[in-house]
Amino acid sequence: MEALDWLRDSLALAYEREMGQVSTSPWAVRNRYIDVVLDDSAGSMSKFWKESRCSYKDEADKARILKLLEMQRQAMLMYTSCGWFFADPSGLETLQVLKYAARALQLGQYFATDSLEEPFLQHLDGVVSNLPAQGTGRDLYLRHIKPA
């Protein structure tokens with residue numbers, strides 16, 4: 001879906017810019033983050049910080065890094081395949097994918113230089129439900145996703 005690709009690319013630019021300030025290997029750090037997702041214990045977190053070699057000054061820096069990593073995780077989740085098996089964007093599975101996109105967008109807004117939501121919604125205008133009452137992807141997002 002074009003809207004998701006646009007959001008992914010926009011978030012990737014912000015991620016590379018921000019993570020590039022604390023790591024020489026931003027994408028390797030992102031890939032290593034799966035260990036934290038699967039085990040968020042203190043030991044796992046300690047190991048992650050040691051192995052990621054991110055430079056940080058304090059807990060606020062760590063929180064910023066984790067926000068960036070979670071933004072990327074949500075961006076990957078928005079490509080969950082079950083969301084794209086069905087013929088209509090108003091289905092539960094596709095709405096869940098849009099929730100992942102919304103969370104990625106929300107986190108990304110902390111790091112973006114421009115608004116992300118309106119351009120994303122413009123891309124969703126081109127997604128039209130087969131059920132006329134459901135409207136466009138924008139309609140679905142504003143009706144179901146944004147309130148959540």
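Rings of Phe, Tyr and Trp (its six-membered ring) pair if their centres lie within 6.5 Å; planes under 30 degrees apart count as stacked, over 60 as edge-to-face and the rest as tilted. The model is predicted: local features need pLDDT of at least 70, side-chain atom pairs count only at pLDDT 80 or more, and totals for chains, interfaces and linings use all residues. Residues are numbered from 1 along each chain as its sequence is written, and side-chain values use heavy atoms, without hydrogens or water.

**Stop 1: the rings**

Select Tyr-33, Phe-48, Trp-49 and Tyr-56. Ring pairs link these four into a cluster. The structure holds six aromatic pairs. Now pick Tyr-15 and Trp-27. Their pair is tilted, at 4.7 Å centre to centre and 45° between the planes. Tyr-15 sits in helix α1 (residues 2-19) and Trp-27 in helix α2 (residues 26-32), twelve residues apart. Helices are DSSP runs (H or I, at least four residues), numbered from the N terminus. Tyr-15 is buried at 0% relative accessible area, while Trp-27 is partly exposed at 27%. The classes are buried under 20%, exposed over 50% and partly exposed in between, with a 1.4 Å probe and protein chains only.

Go back to Trp-49 and Tyr-56. This pair is edge-to-face: 5.2 Å between centres, 65° between planes. Trp-49 is buried at 8%; Tyr-56 is partly exposed at 32%.

**Stop 2: a charge over a ring**

Select Lys-67 and Tyr-110. The charged end of Lys-67 sits over the Tyr-110 ring, 3.7 Å from its centre. The criterion is NZ of Lys or CZ of Arg within 6 Å of the ring centre and within 35 degrees of the ring normal.

**Stop 3: salt bridges**

Here a side-chain nitrogen of Lys or Arg lies within 4 Å of a carboxyl oxygen of Asp or Glu. The whole structure has ten salt bridges. Start with Arg-8 and Asp-5, which meet at 3.3 Å, N to O. Both lie in helix α1, three residues apart, about one turn of the helix.

Next, select Lys-146 and Glu-117. Their closest N and O atoms are 2.9 Å apart. This bridge links distant parts of the chain: Lys-146 in the segment after α8, Glu-117 in helix α7 (residues 117-124), 29 residues apart.

Finish with Glu-118 and Arg-138, at 3.0 Å between the closest N and O atoms. Glu-118 is in helix α7 and Arg-138 in helix α8, 20 residues apart. Glu-118 is partly exposed at 35%, whereas Arg-138 is buried at 18%.

Definitions and conventions. Helices (H or I, at least four residues) and strands (E, at least two) are DSSP runs, numbered from the N terminus.
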